[in-house]
Amino acid sequence: MYDIVIGLEIHVEMKTQTKLFCGCSTKFGAAPNTQVCPICLGLPGTLPQVNKEAVSLAIRAGGVFGSKIQPISQFSRKNYMYPDLPKAYQITQYQEPICTDGGIEIMRDGQRVMIHLERIHMEEDPGKLMHPEYEHFSLADYNRSGIPLIEIVTKPDLQSPEEAVEFLKALRAQLDFAGISDCRMDQGSMRCDANISLKEPGTEVLGTRVEIKNINSFREVQKALEKEVKRQSDLLRFGEGDKIVQETRKWDAGKGRTIPMRSKEDAEDYRFFDDPDLPVIQLTQEQIDAAWVDLPTETAIQRRERFQKCYSLNLDEATKLTEDAVLARLMDQAGQGHSDPRKLATWILTEGLRLYRSGEGFRVDASTLLALIEKIESGELSHSAAKQVFEVLWEKGATIDETIADLGLKQNSDQNELTALIAKIVGENPKAVEEIKSGNGKAFGFLMGAVMKATRGAANPKIAKSLIEAEIDKVN
């Protein structure tokens, strides 16, 4: 067994309307090469200007993680030639980043441990290459060129793939809460490079470091790190440690393995030098204070523990709710006015999460959600009817009463009406009745389902259950 040593470099797209050095839009999903200009392409003779909003968000990120904000920072040119970087250098911060130090707490063996940050610096994103299947050419989309990023670099404090994922989730939650980034990994606004090496237990001598590049989901981060740990462990165990070389590898999710991408460059290979077109960034305390207005003071772990305590949630429920700023704020807003916050949390994490994951934002506000659940508890709506109402509220934003009326879903507790309907359903399903009498509980569920289907979910479940039992008792 070997000790695992992991450090992460996380690229996060800041939530600005325009790019880092020009006025081009940062909107996601536009047609290729419709959001570009000579500046973000780096054409000769152009002069970049720093986006003040991006600088403010970078300062804000430093505040979230307890970093030191540097009064003076500087942009550099990182020289290399990639097809998606037409000017052959990337503008980034090298020697003088905007933030240093700081950290994020995670849990290890039941105890809080600090994962320390080395630096947070700003840089521009390059473009994106597309490789059409069965074609002998590639296409370049430069809409991403110049998108403002912060790169968050950790010290090698992480000791397992699971810890790496927990750290990333805590980091994403904090950035989301502070309004710095939406951290949509599916849209490339948060990407992770992982540096990993192994060492003999009890020694401080690290093995050769390998980088895995551009992993874009938590699940793939864990799988890629697990596979790389196994690859390096196998080589060391069989005396082939010399085959572990300093290199950049990429994660092939389809084949479930890391594969060589290129030899790992050192900083000197990039020939960094200060960008002569961009002035030094000098910050005043007033600018830092302004960027920190309304900065969240609660960490991801503190928020999760508060949810467990205040709302009587288990660890899994509290974790799911606090990983997303929208869900957590909704729970906080609605939970204060509900006598059974756990029931509320269950609704958010089932019906709410199902629709939330299919689109943008949570489209039902806290007061509407509370009113809907109140109608279930008062018996005015069955649970299945409430689901239908919730879906319409989500799509159309109408009021609850209007929606109930439009759908004809007001709870039906009319015993005479239900008795006639249930007598008909029981009479039409003698096999189900026979199975119920022989002890098959599933058959009873079949009859309940038939009643709910016939009433479009409007039948009062308690009354319907009682009437079905009474009708079955009549059958010899």
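Glu395 is exposed, with a relative accessible area of 56%, and in this predicted model its side chain meets that of Arg363 in a salt bridge with an N to O distance of 3.7 Å. This pair links distant parts of the chain, since Glu395 belongs to helix α11 (residues 383–396) and Arg363 to the loop between α9 and α10 (366–377), 32 residues apart. Arg363 is partly exposed, at a relative accessible area of 43%.

**Salt bridges around Asp125**

- The count of salt bridges comes to 36, and Glu13, Asp125, Arg144 and Arg191 are linked in a network of such bridges.
- Asp125 forms a salt bridge with Arg144, in which the closest N and O atoms are 2.8 Å apart; the pair joins the loop between β8 (111–124) and β9 (128–130), where Asp125 lies, to the loop between β10 (139–141) and β11 (148–154), where Arg144 lies, 19 residues apart.
- Arg191 also forms a salt bridge with Asp125, with the closest N and O atoms 3.0 Å apart, and this pair connects strand β12 (residues 190–199) with the loop between β8 and β9 across a separation of 66 residues.
- Arg191 counts as buried because its relative accessibility is 16%, under the 20% cut-off, while Asp125 is buried with a relative accessible area of 4% and Arg144 is likewise buried.

**Helix α7**

- In helix α7 (residues 315–322), the buried residues are Glu317, Ala318, Thr319, Leu321 and Thr322, and they pack against α3 (161–177), α6 (300–311), α8 (325–335) and α9 (341–356).
- The N-terminal end of α7 is capped by Asn314, a side-chain oxygen of which lies 3.1 Å from the backbone nitrogen of Asp316.

How values were computed:
Residues numbered from 1 in each chain as written. Predicted model: local features only at pLDDT ≥ 70, side-chain atom pairs only at ≥ 80, totals over all residues. Heavy atoms only, no water. Buried < 20%, exposed > 50% of the residue type's maximum accessible area, 1.4 Å probe, protein only. Helix = DSSP H or I, 4+ residues; strand = E, 2+ residues; numbered from the N terminus. Contact = heavy atoms within 4.5 Å. Polar contact = N/O pair within 3.5 Å; in protein donor to acceptor, adjacent residues only side chain to side chain. Salt bridge = Lys/Arg side-chain N within 4 Å of Asp/Glu carboxyl O.
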